[in-house]
Amino acid sequence: PLDFLDFDAERKLLTKYLEETDRNSVRIKLDFQVATIERLGDFLASGTSQVIHFSCHGLEDHLLLEARNGCADPVTPNALKRLFDAGQKKLQFVVVAACHSESTGQAFIDAGIPHVLCCEKDSKLMNEAAAKFSRHLYQCLASRRTLSESFELAKETVRLDWSLQNPEAEVEKYV
């Protein structure tokens, strides 16, 4: 069985902290959707965003998106590469907050996306640490930090969060 992913808690955390950022910050519009192939196609067709963030389960050879019937829909890195090759023209940054997602991250790089954040292929992310990392990452980006600065500051903030189990090891999983 798969571990429970608390998408609602992650959505609330990100929304709360981005709403509280300084008024001089970049406004980040959030849109939370269940990740299906059809919705990904719609997202890519709209061409309106430079960033996409996946929060889902990942295995070494695929991400688990959701099928129309609510069941898991395993999607290979190669299938995602083909979809993003066909549709992505504006994306600059993809976050794959999923365990074992390095091969998927490489597929996005191969599809021409310049910046990809994912998890080492042999690592499993802790849900709470991943949500906190995302919160700090986007808060920094909204505060006009560079992607590199935001990544490093999010890592160091989580590394020092001793409410998490083994935070030092958690932050080293991101690539």
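Is Ala169 buried, partly exposed or exposed, and what is its relative accessible area? In this predicted model, local features are reported only at pLDDT of at least 70 and side-chain atom pairs only at pLDDT 80 or more, whereas totals for chains, interfaces and linings use all residues. Residues are numbered from 1 along each chain as its sequence is written, and side-chain values use heavy atoms, with hydrogens and water left out. Ala169 is partly exposed, because its relative accessible area is 31%; buried means under 20% relative accessible area, exposed over 50%, and partly exposed in between, with a 1.4 Å probe and protein chains only. Ala169 belongs to helix H7, residues 167-171.

The protein contains 7 helices and 6 strands. Helices (H or I, at least four residues) and strands (E, at least two) are DSSP runs, numbered from the N terminus. Read from the N terminus, the order of elements is α-α-β-β-β-β-α-β-α-β-α-α-α. The C-alpha trace spans about 35 × 35 × 30 Å along its principal axes. A compact globule of 175 residues would have a radius of gyration near 16 Å, and the 15 Å of the protein therefore agrees with this expectation. The radius is taken over C-alpha atoms, and the globule rule is 2.2 Å times the number of residues to the power 0.38.

Of the 175 residues, 41% count as buried. The accessible surface comes to about 9,900 Å², and 51% of this surface belongs to carbon and sulfur atoms. Accessible areas come from the Shrake-Rupley method with a 1.4 Å probe; for residues, only the protein chains shown count as cover. The mean positions of the 21 positive and 27 negative charges are 6 Å apart. Lys and Arg count as positive and Asp and Glu as negative, while His and the chain ends are not counted. The place of a charge is NZ of Lys, CZ of Arg, CG of Asp or CD of Glu.

The loop between strand E6 (115-117) and helix H5 (127-142) includes Ser123. Ser123 counts as buried because its relative accessibility is 10%. The side chains of Ser123 and Glu120 are joined by a polar contact of 2.9 Å. Such a contact is a pair of N or O atoms within 3.5 Å; within protein, one must be able to donate a hydrogen and the other to accept it, and residues adjacent in sequence count only if both atoms are side-chain atoms. Apart from residues up to four places away in sequence, Ser123 touches Cys99, His100 and Lys173.

Cys119 is also located in the loop between E6 and H5. With a relative accessibility of 0%, Cys119 counts as buried. When residues up to four places away in sequence are set aside, the residues touched by Cys119 include Val96, Cys99, His100, Leu125, Lys173 and Val175. Cys119 and Arg145 lie 26 residues apart in sequence, and their C-alpha atoms are 22 Å apart in space.

Glu60 occupies the loop between strand E2 (57-59) and strand E3 (62-66). A relative accessibility of 47% places Glu60 among the partly exposed residues. Although Glu60 and Ser123 are 63 residues apart along the chain, their C-alpha atoms are separated by 9.3 Å. Beyond its neighbours within four places in sequence, Glu60 is in contact with His100, Ser103, Lys121 and Asp122. His100 itself is found in the loop between strand E5 (93-97) and helix H4 (102-110). Phi of His100 is near 55 degrees, a positive value in a residue other than glycine.

A positive phi, near 70 degrees, also occurs at Arg144, again a residue other than glycine. Arg144 lies in the loop between H5 and helix H6 (147-159), and is exposed, with a relative accessible area of 58%. In helix H2 (residues 37-46), Glu38 counts as partly exposed at 43% relative accessibility. The C-alpha atoms of Glu38 and Ala67 are separated by 9.1 Å, the two residues being 29 apart along the chain.

Note on methods
Contact means heavy atoms within 4.5 Å.
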